[in-house]
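Subject: Structure handover

Hello,

The structure is placed below, and the notes on what was found in it follow. Please read them with the structure open.

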There are 2 protein chains.
Amino acid sequence: MTPPAGADGRDRPGEFEIIGDIFAPLAAGAPGAWGLKDDAALFHPTSGFETVLTVDAMVAGVHFLPDDPPESIAKKLLRVNLSDLAAKGAVPRGYLLVTSFPADIDTGWIRRFAEGLAADQARYGVTLWGGDTVKTPGPLTLSLTAIGEVPEGRIVRRGGAQAGDDLYVTGTLGDAALGLAVLKNEIAGLDAAHAAFLAGRYREPEPRTTFGQRLPGIAHAALDVSDGLMADLGHLCSASGLGAQVEFHRLPVSEAGRAALELHPELSDLVASGGDDYEILFAVPPGRAGLADAAAAESGVRIARIGTLLPAGKGVTAVDEAGREIPLKRLGYRHF
Amino acid sequence: MTPPAGADGRDRPGEFEIIGDIFAPLAAGAPGAWGLKDDAALFHPTSGFETVLTVDAMVAGVHFLPDDPPESIAKKLLRVNLSDLAAKGAVPRGYLLVTSFPADIDTGWIRRFAEGLAADQARYGVTLWGGDTVKTPGPLTLSLTAIGEVPEGRIVRRGGAQAGDDLYVTGTLGDAALGLAVLKNEIAGLDAAHAAFLAGRYREPEPRTTFGQRLPGIAHAALDVSDGLMADLGHLCSASGLGAQVEFHRLPVSEAGRAALELHPELSDLVASGGDDYEILFAVPPGRAGLADAAAAESGVRIARIGTLLPAGKGVTAVDEAGREIPLKRLGYRHF
């Protein structure tokens with residue numbers, strides 16, 4: 001690839017400066033990254049494991065707010081990918097990073113971005129293996145390929161759920177969508193701690209890495225909630241050839257989420273329709289409920305049983321506490 | 001990731017239509033891609049092999065011409081990555097694709113882009129394993145992660161060359177840079193066949209995949225020529241802790257390249273400085289010259305001996321046929 005023009009001043013680093021000075025330290029713990037000084041990275045697969053690969057892209061103004069802190073943007077980029085690995089039961093190993101920087105980005109921004117990655121590398125046990133850095137006349141555009149491993153034959157798919165399985169979800173739902181509303185000043189009167197919690201859930205989702213690794217042998221099927229609970233449940237049901245019934249009152253809502261919804265009850269459908277929560281939705285046969293609870297306790301993650309998988313003919317429905325059906329349209333459900 | 005807004009008309013496909021209708025057929029031959037319908041791809045590593053990973057990004061107007069044919073853009077995106085794998089001695093297996101499409105892109109463009117990928121999948125024996133498709137308010141931005149395999153312990157690095165090794169390069173040099181000049185109407189009077197050949201070398205470089213797989217056991221070091229011969233030789237020398245002398249008159253130039261340089265002798269430095277050729281530059285101990293020639297013959301690739309690796313103190317120099325030193329500045333050499 002033809003390198004972009006070199007540095008045009010103190011604060012406008014060139015490709016080689018960005019890679020050599022700022023990103024190379026992130027590769028220090030990865031022997032096969034060779035300090036980002038070769039054409040490619042080498043990975044020695046663990047015997048008895050298969051490799052799981054995923055990639056997600058984020059564009060400024062589309063997938064994050066342009067004035068989000070660079071550390072948070074970096075963490076979100078890494079975490080949305082780690083979330084995909086977690087939902088498949090994989091242990092994260094490393095990642096490749098592609099950055100398309102606008103010409104006016106400065107060294108300080110890139111250093112803070114790298115600091116966010118460094119913090120998460122320590123937190124999740126991954127290292128930078130390689131990547132590419134280019135310039136763009138457009139908005140900041142990022143993509144990240146995450147590489148993980150799962151014991152042979154043990155990956156957890158979207159398909160594979162069975163009628164009668166219980167539906168579970170980790171953590172709490174709706175926080176990220178409410179956090180985005182907070183950041184857009186659309187929620188008035190919320191106390192500062194709750195507002196900060198929700199904004200944090202939008203900016204820095206928590207991939208369920210440790211819990212996810214325990215899913216093989218417990219869950220028949222799983223995926224992460226990125227498009228919204230009902231939409232992602234639709235994906236799981238479609239891949240498994242099943243229907244499902246969700247008990248709306250069982251959907252787990254955080255204390256901050258509850259506070260926001262008390263102020264703005266009209267936003268309550270965000271619990272079922274809001275995206276970007278990056279919790280894991282999974283199907284467990286009733287006989288394994290104890291295993292699921294134990295895995296959650298060992299991982300320090302809360303899980304909630306929110307419904308049941310049904311035969312295909314039953315479709316996807318939601319009911320309230322009294323067993324009355326809730327119109328799906330109200331819950332942001334779309335058929336794909 | 002929150003999906004972008006759905007299709008807004010017949011020719012503006014949504015994310016799910018692009019993935020399901022246009023890209024999913026490219027994943028048909030990859031069992032671990034699951035029709036692009038899961039969160040991640042599964043790869044079963046070949047026993048006795050290590051995994052080689054590389055990623056390159058391309059931005060419209062920066063790395064390709066916005067009016068380049070979509071098939072060519074797709075092929076270049078895949079091939080620049082396959083070239084990195086080839087230079088490491090790896091067999092390509094599959095790839096992940098990230099597309100950031102401007103809102104005004106139409107279905108026909110994306111279908112032609114996918115047709116280019118389909119043609120190259122058959123040519124190079126790779127399949128699409130996964131990816132991400134997003135919308136961007138900026139220019140078309142693409143990135144591709146290529147995954148290959150190399151027998152354990154046999155990867156060919158940039159470092160590892162030894163003083164006394166002969167320097168070789170595959171194919172011909174300068175074609176891509178001359179082709180770009182042709183496409184920009186900067187070369188007048190060239191006959192149509194030569195112009196088409198050079199433009200084709202810029203738009204659709206030829207990764208030396210088959211030859212590259214024979215490099216382990218022959219080359220001490222290798223990399224692909226993407227930044228220009230002298231720049232990439234600088235990388236190889238730096239990584240190997242060596243100097244080098246290039247014999248300028250030995251640099252291989254195509255018939256079309258020769259015709260262009262006869263019309264525009266002032267462009268002759270492009271042979272040594274022009275990027276985007278994606279040939280392989282490699283270092284071979286003299287005793288293995290016969291092996292290198294045999295590997296080239298078996299692969300149907302031309303190779304040329306263009307110089308020699310020297311001890312570090314000697315620096316990187318170029319000489320003409322009479323042994324006179326050529327100022328490096330004239331050859332586009334930059335220190336990184």
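A definition first: helices (H or I, at least four residues) and strands (E, at least two) are DSSP runs, and they are numbered from the N terminus. In those terms, B:Y278 sits in the loop between α9 and β9 of chain B. Please note that this is a predicted model.

B:Y278 is not a glycine, yet its phi is positive, at about 55 degrees. Most residues other than glycine have a negative phi. Is B:Y278 buried or exposed? With 26 other C-beta atoms within 10 Å, B:Y278 is buried, the cut-off for that class being 20 or more.

B:D276 belongs to the loop between α9 (270-273) and β9 (279-284) of chain B. Its phi is near 70 degrees, again a positive value in a residue other than glycine. B:D276 has 23 other C-beta atoms within 10 Å, so it counts as buried.

Chain A as a whole

Chain A has 10 helices and 12 strands. Its radius of gyration is 21 Å, close to the 20 Å from the globule rule for 336 residues, so chain A is as compact as a globular protein of that length. Along the principal axes, the C-alpha atoms of chain A fill a box of roughly 65 × 55 × 35 Å. Of the 336 residues in chain A, 55% are buried. Among contacts in chain A with a separation of 6 or more, 86% are between residues 24 or more positions apart.

Domains of chain A

The chain is divided into domain 1 (15-151) and domain 2 (166-331). Taken over C-alpha atoms, the centres of these two domains of chain A are separated by 27 Å. The contact between them involves 18 residues of domain 1 of chain A and 17 residues of domain 2 of chain A. On the domain 1 side, the elements of chain A that give two or more residues are α2 (70-87), β3 (91-102) and β5 (141-151). The largest share of that side comes from α2(A), with 10 residues. By class, the domain 1 side has 10 nonpolar, three polar and five charged residues.

How the two chains are related

The contact between the chains

Chain B gives 57 residues to the contact and chain A gives 57 residues. On the side of chain B that touches chain A, at least two residues each come from β1 (41-43), β2 (49-59), α2 (70-87), β3 (91-102), β4 (127-136), β5 (141-151) and β7 (221-225) of chain B. β2(B) supplies the largest share of that side, nine residues. The side of chain B that touches chain A divides into 27 nonpolar, 16 polar and 14 charged residues.

Strand pairing also crosses between the chains: strand β1 (residues 41-43) of chain A runs antiparallel to β2(B) and is joined to it by three bridges. Within that pairing, A:A41 has B:L53 in β2(B) as its bridge partner.

Regards

Terms used
Residues numbered from 1 in each chain as written. Chains lettered and ligands numbered in written order. Predicted model: local features only at pLDDT ≥ 70, side-chain atom pairs only at ≥ 80, totals over all residues. Rg over C-alpha atoms; globule rule 2.2 N^0.38 Å. Buried ≥ 20, exposed ≤ 12 C-beta atoms within 10 Å, placed from the backbone. Contact = placed C-beta atoms within 7 Å. Domains from an automatic or database assignment. Nonpolar A, V, L, I, M, F, W, Y, C, P; charged D, E, K, R; others polar. Pairing = 2+ DSSP bridges.
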